[in-house]
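Hi there,

Here is the structure I promised to pass on to you. Have a look at it first, and then read my notes below.

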Amino acid sequence: MKKTLILFSALLVLSNYSFSQKKFTVNIYGGYTLPLGDLHGNFPDTLGSAGIDFRKTKTLLTSYGINIGVQGKYVIDSSGSARVTAGANYNTFSGSHDYSGVTTYKNKVNIITLSAGIEYVINPVKKYVPFLGLELAANFFGGDIEGSGDTTVTLTRKSETRYG
């Protein structure tokens, strides 16, 4: 078993040196997302008798978000200059407010992004690699709003799709 692991490790190191350029790369990422524009907003300090009419708010009332995604690139020519790209990303934005123990609102917006594109690398053998690219993306929006107090009511957001 020990000899097999040593042999496998040696082959892995040698294979890394035997290819000058990688044909396929994958990047996995994640982190904190700051909501801006229509996503960011604060709940009102006080509630009216009817509660909050989420259809009339100017923003989606979220205060923070997290994301995770994957991006892949595949070289399609022998010089390493032309690449095909594809990616998927999941963002979730949340916000909540407790009105003195009477009612609590929790708001969640989910965005799934799928993308595909092409890149042209100007000089693929240098340490710093500038490139030109074109990517098309589809964004799928959804989420829900939960109001709880004496009873709990959950409203599902109308799903939307946007392209860019």
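**The largest pocket and its surroundings**

β5 gives the largest share of the lining of the largest pocket, with three residues. Before going on: this is a predicted model, in which local features need pLDDT of at least 70 and side-chain atom pairs count only at pLDDT 80 or more, while totals for chains, interfaces and linings use all residues. Residues are numbered from 1 along each chain as its sequence is written, and side-chain values use heavy atoms, leaving out hydrogens and water.

A pocket here is an open set of points on a 1 Å grid over the protein atoms alone, where a 1.4 Å probe fits, with protein on both sides within 12 Å along at least five of seven lines; lining residues have an atom within 4 Å of a point. The largest one holds about 570 Å³ of space, the volume being that filled by probe spheres set on the points, which are joined across faces, edges and corners. Its lining has 21 residues, and F54, L60, R157, K158 and E160 lie nearest the centre. At least two lining residues come from each of β4 (103-121), β5 (131-148), β6 (152-156) and β7 (160-163).

Now the whole protein. You will find one helix and seven strands, in the order α-β-β-β-β-β-β-β along the sequence; these are DSSP runs numbered from the N terminus (helices H or I, at least four residues; strands E, at least two). Of the 164 residues, 29% are buried, meaning under 20% relative accessible area with a 1.4 Å probe, protein chains only.

Enjoy exploring!

Methods: Buried < 20%, exposed > 50% of the residue type's maximum accessible area, 1.4 Å probe, protein only.
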